[in-house]
Amino acid sequence: MNSGIALAKRRPYKTPVPDASQMTASQATDLLRRSLANGRLGHAYLFVGSTIESLESHATELARTLNCQSPPATGETGIPLEPCSDCIACHKVDSGNFPDLDFVRPEKKSRIISIDQIRNLTRKVSLKPTEGRYKVAIITGADRMLGPTFNAFLKTLEEPPERTVFILLTVHPDRLGETVRSRCMRVNFGGEADVQLEASDAAWLKSFVGMSAETGEGLMGRYRLLGKLMEHLAAKRDTIEETQEAASALNRYADIEPTLREKLKEELKASIEAEYRRQRGQFLTGLQWWLRDIWLAALRQGRELLHFQDWADTSETVGQRLSPEQALENLQSIEATQRLLETTNVQEALALEVGLLKLKL
Ligand SMILES: [Zn+2]
């Protein structure tokens with residue numbers, strides 16, 4: 001299946017252009033239902049769509065489904081697939097009186113989700129469900145958390161209490177930190193798909209994934225992977241240099257006076273560097289999303305919700321030989337590497353070597 005959850009087609013940066021690969025709301029609902037039918041319930045979902053109201057109704061529907069007392073259909077492991085709309089639990093969810101369903105919404109005045117709200121939520125979800133099968137926490141406008149709040153919430157997401165399902169809702173997935181996005185299973189209800197890989201990056205990542213599945217944990221193997229990564233980045237830089245140099249005024253006019261020539265040279269250099277950093281960032285985000293697939297596979301989550309559907313087999317092979325803790329460390333390690341590269345002038349080769357050699361694959 002190729003959908004909004006699979007690799008998004010490349011298109012101009014951040015321009016909301018309709019995209020054939022996006023799912024409609026009913027396709028998203030089908031996908032969710034199929035993964036429940038296979039006995040796979042995620043601990044955290046990210047629902048993306050065009051209005052918060054529609055996302056809240058999809059999330060409430062999932063809460064109702066999971067806690068319905070006489071579901072008309074159930075999946076392999078007894079997970080309900082749809083609600084009856086008639087039982088006490090269904091009615092309580094509808095009227096907002098179900099004790100195991102919590103909503104967190106941005107505060108009216110500040111329009112942010114406060115740290116107290118998150119602390120409150122963390123305390124509530126640490127308790128067992130009182131009436132339902134699952135505790136469901138719906139976080140509306142999940143992009144409205146500031147740093148410390150975000151960190152507190154991230155901790156809860158990474159150490160999910162049993163029988164708790166988080167559903168994060170956002171119409172601005174790009175404003176949500178990559179860290180939170182990558183911890184959740186994303187379902188697009190007609191929203192924008194936002195992990196974009198260029199064709200050459202996608203091809204490279206695919207062969208990297210295949211290699212890592214065969215190579216395993218040996219140090220030699222990881223040095224081979226590192227070598228391959230450095231080659232790919234070097235080729236990327238070469239292409240950017242060639243393109244930008246060809247377009248530069250430096251090559252179009254022979255008689256530029258020396259001061260201006262120097263200035264243009266400096267500008268060209270800076271522009272190449274900026275473009276390279278942008279492309280490298282995008283590419284590493286792709287790598288991060290693959291490591292997130294590995295983490296989901298290590299958690300034995302549904303393969304329907306893996307981001308890179310084309311490589312789901314390989315991702316499962318790698319993920320299932322790791323513990324969830326090891327797989328999470330991988331994800332954290334690539335994130336730390338990215339932060340280091342973005343915020344400091346650390347030597348690239350060194351940062352990547354440290355980051356990549358830590359990976360357990
Ligand atoms: Zn019901």
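**Exercise 1. State the handedness of the crossing of α10 and α12, then describe how the two helices pack.**

Solution. The crossing of α10 and α12 is left-handed. This comes from a predicted model.

Step 1: take the axes. Those of α10 (residues 258–298) and α12 (residues 324–343) come within 8 Å. They cross at roughly 170°.

Step 2: classify the angle. Angles over 145 degrees count as roughly antiparallel, so α10 is roughly antiparallel to α12.

Step 3: list the contact. On α10, the residues include L284, L287, L291 and W295. On α12, they include L328, L331, I334 and E335.

Step 4: sort the residues of this contact. They divide into 11 nonpolar, four polar and three charged.

**Exercise 2. Work out the order of the five strands in the open sheet, and find its edges.**

Solution. Step 1: read the order. It is β4-β5-β6-β1-β7, with parallel pairing.

Step 1: find the edges. β4 (101–104) and β7 (185–189) each pair on one side only.

Step 2: Neighbouring strands are turned by 20° against each other on average, direction ignored.

Step 3: look inside the sheet. Five bridges join β1 (residues 44–49) to β6 (residues 164–170). Here F47 stands opposite L169.

How values were computed: Residues are numbered from 1 along each chain as its sequence is written. This is a predicted model: local features need pLDDT of at least 70, side-chain atom pairs count only at pLDDT 80 or more; totals for chains, interfaces and linings use all residues. Two strands pair if DSSP finds at least two bridges between them. Helices (H or I, at least four residues) and strands (E, at least two) are DSSP runs, numbered from the N terminus. Axes are lines fitted to C-alpha atoms, for helices over the stretch in contact, and angles run from 0 to 180 degrees between N-to-C directions. Angles under 35 degrees count as roughly parallel, over 145 as roughly antiparallel, 65 to 115 as roughly perpendicular and the rest as oblique. A crossing is left-handed if the near helix is turned anticlockwise from the far one by less than a right angle, and right-handed if clockwise. Two residues are in contact if their C-beta atoms, placed from the backbone, lie within 7 Å. Ala, Val, Leu, Ile, Met, Phe, Trp, Tyr, Cys and Pro count as nonpolar, Asp, Glu, Lys and Arg as charged, and the others, Gly among them, as polar.
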